[in-house]
Amino acid sequence: MLLTSRRLRAALLAAASLSLVGAVLPPPAPLGIGDPLFPYLGNPGYDVLSYDIALTYSGDNSKPLDAVTKIEARATDDLERLNLDFAHGTVRSVEVNGARATFTTVGEDLVVTPAQKVREGRRAHLTVRHTSNPVGNTADGGWVRTGDGLAMANQADAAHRVFPCNDHPSDKAYFTFRVTAPKDRTVVANGLPAAPRRANGRSDAADTTTWTYRTRHPMATELAQVSIGRSAVLRRTGPHGLPVRDVVPAADVKVLEPWLKKTPEHLRWMEERIGRYPFETYGVLVADASTGFALETQTLSLFERSLFTRTGYPRWYVDSIMVHELAHHWFGNSVSPRSWSDLWLNEGHATWYEALYADAHRPLEQRMKDAYTRSDAWRSTGGPPAAPRQAEPGHKISIFRPVVYDGSALVLYALRQEIGATAFEKVERRWVSEHRDSVAATEDFVQLASDVSGRDLSGFFRQWLYAKRTPPMPGHPDWRSAAVASAGKG
């Protein structure tokens with residue numbers, strides 16, 4: 001067929017336009033939102049509203065789980081591509097708004113090209129069929145293989161080793177988990193049951209049950225938790241009728257009960273100081289695993305079994321660690337950090353309430369004086385509290401240095417010394433109430449403290465949060481840092 005000259009010109013123009021569009025779109029590449037500690041974490045161009053994650057566990061924690069992750073997001077820009085954080089699994093297919101999409105992996109990003117551009121302000125419904133591999137370097141986080149199954153430890157940037165997501169705490173969303181496991185296993189996840197357990201009868205011996213949980217409050221990806229194992233779920237009631245559920249190895253119920261029954265009192269103690277617990281349920285998840293840490297996964301804090309069974313720990317110390325993880329549900333979970341450089345707000349506050357709870361056994365003032373002695377050395381090795389150094393290569397959780405724990409609690413002690421106990425308590429209560437279910441940054445805390453105290457505290461915080469050397473402690477001019485010399489050697 002021959003084209004007329006007019007038609008030929010139109011066809012050539014259309015072809016040139018298509019070539020131009022193709023040339024403008026850059027090659028797939030890992031993106032990020034510019035977090036100073038994790039530059040490639042999170043992705044621009046959209047806001048996740050909800051996750052619906054279906055996992056199928058075979059009963060063998062050395063084999064990948066089959067998974068389907070559904071994401072509902074709202075585009076904040078015109079999107080010809082969407083990047084998700086995802087690693088340590090195989091992607092089988094991706095759909096966007098019901099249509100097949102092409103995809104590739106670059107670095108730790110899953111780069112999705114939908115059949116049609118997603119316009120700014122429109123919803124994008126993504127369905128990713130993939131596997132989730134629990135085997136790998138446990139130092140990188142993600143799945144934790146326990147003695148009888150699995151649990152999650154996704155802090156700081158490891159949720160994307162379990163499921164595709166926008167893996168940054170500034171993009172909180174609602175979660176639904178649908179987990180299918182052998183009928184002799186118990187599954188518990190963040191939130192509360194959203195549907196009755198469903199038995200999936202089959203002709204062979206591998207009958208399974210599907211468990212469904214849903215959060216009632218938005219959650220950061222790093223706080224996601226799914227526990228699968230031969231577990232007992234113990235229920236009790238906290239303040240104001242709050243449902244409390246603990247998840248422990250079934251064989252350890254008797255030995256753990258003296259600790260678990262303390263949780264309602266811990267809740268009451270925290271509420272007296274900062275206000276009502278911010279979520280729909282709480283509880284303790286005790287895992288038969290060696291992680292080297294406890295973790296404030298939302299509504300279900302993760303602890304190692306050995307914390308409660310090892311004889312070397314004083315009882316008051318174990319109590320205070322339980323309070324530390326509980327305190328995070330206000331500081332870090334309900335009020336999440338805008339960037340990982342705001343981590344001091346999470347850990348400094350949790351350490352502060354841990355120290356207050358343990359005051360009768362380890363006096364707060366003495367603990368703060370000891371911290372002051374070490375503070376310059378901590379700043380030298382880890383950076384100031386609100387300007388921490390990046391993680392060591394291959395060791396992502398190394399951002400959790402002493403300067404963000406006692407070094408940051410020391411900042412709060414200095415603030416209380418500077419503005420008085422009454423104003424300090426008002427700051428704490430307003431912080432968790434005004435930013436509930438949201439994200440906030442260091443500058444927000446500085447502004448709130450200034451508003452409550454009635455004076456500009458920006459200079460005070462500039463020194464305490466960003467200076468290389470620790471400022472003089474208000475009310476304690478005799479306190480000295482014994483680490484100046486060693487900090488210079490570092």
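## Surface and basis of the model

The structure is a predicted model, in which local features need pLDDT of at least 70, side-chain atom pairs count only at pLDDT 80 or more, and totals for chains, interfaces and linings use all residues. Residues are numbered from 1 along each chain as its sequence is written, and side-chain values use heavy atoms, with hydrogens and water left out.

## Overall architecture

The protein chain contains twelve helices and 21 strands; these are DSSP runs numbered from the N terminus, helices being H or I of at least four residues and strands E of at least two. The radius of gyration, taken over C-alpha atoms, is 25 Å, close to the 23 Å that the globule rule gives for 490 residues, so the protein chain is as compact as a globular protein of that length. The globule rule is 2.2 Å times the number of residues to the power 0.38. Along the principal axes, the C-alpha atoms fill a box of roughly 95 × 60 × 45 Å.

## Burial, contacts and charge

Of the 490 residues, 55% are buried, meaning under 20% relative accessible area (1.4 Å probe, protein chains only). Among contacts (heavy atoms within 4.5 Å) with a separation of 6 or more, 71% link residues 24 or more positions apart.

The protein chain carries 58 positive and 54 negative side chains. Lys and Arg count as positive and Asp and Glu as negative, while His and the chain ends are not counted. With each charge placed at NZ of Lys, CZ of Arg, CG of Asp or CD of Glu, the centres of the two sets lie 3 Å apart.

## The eight-stranded sheet

Eight strands form an open sheet with mixed pairing, in the order S5-S4-S8-S2-S1-S11-S14-S13; two strands pair if DSSP finds at least two bridges between them. Strands S5 (99-100) and S13 (192-200) stand at the edges with a single partner strand each, so one side of each is left without a neighbour in the sheet.

Strand S1 (residues 46-56) pairs with strand S2 (residues 65-75) in the antiparallel sense over ten bridges, and Ile53 stands opposite Thr69 in S2. Seven bridges join S1 to strand S11 (residues 174-182) in parallel. Thr56 has bridge partners in both neighbours: Asp66 in S2 and Thr180 in S11.

## The S6-S7 hairpin

Strand S6 (residues 102-106) pairs with strand S7 (residues 109-113) in the antiparallel sense over five bridges, with Val111 in S7 as the bridge partner of Thr104. Two residues lie between the strands of this hairpin, where Gly107 takes a positive phi near 60°.

Key: Buried < 20%, exposed > 50% of the residue type's maximum accessible area, 1.4 Å probe, protein only.
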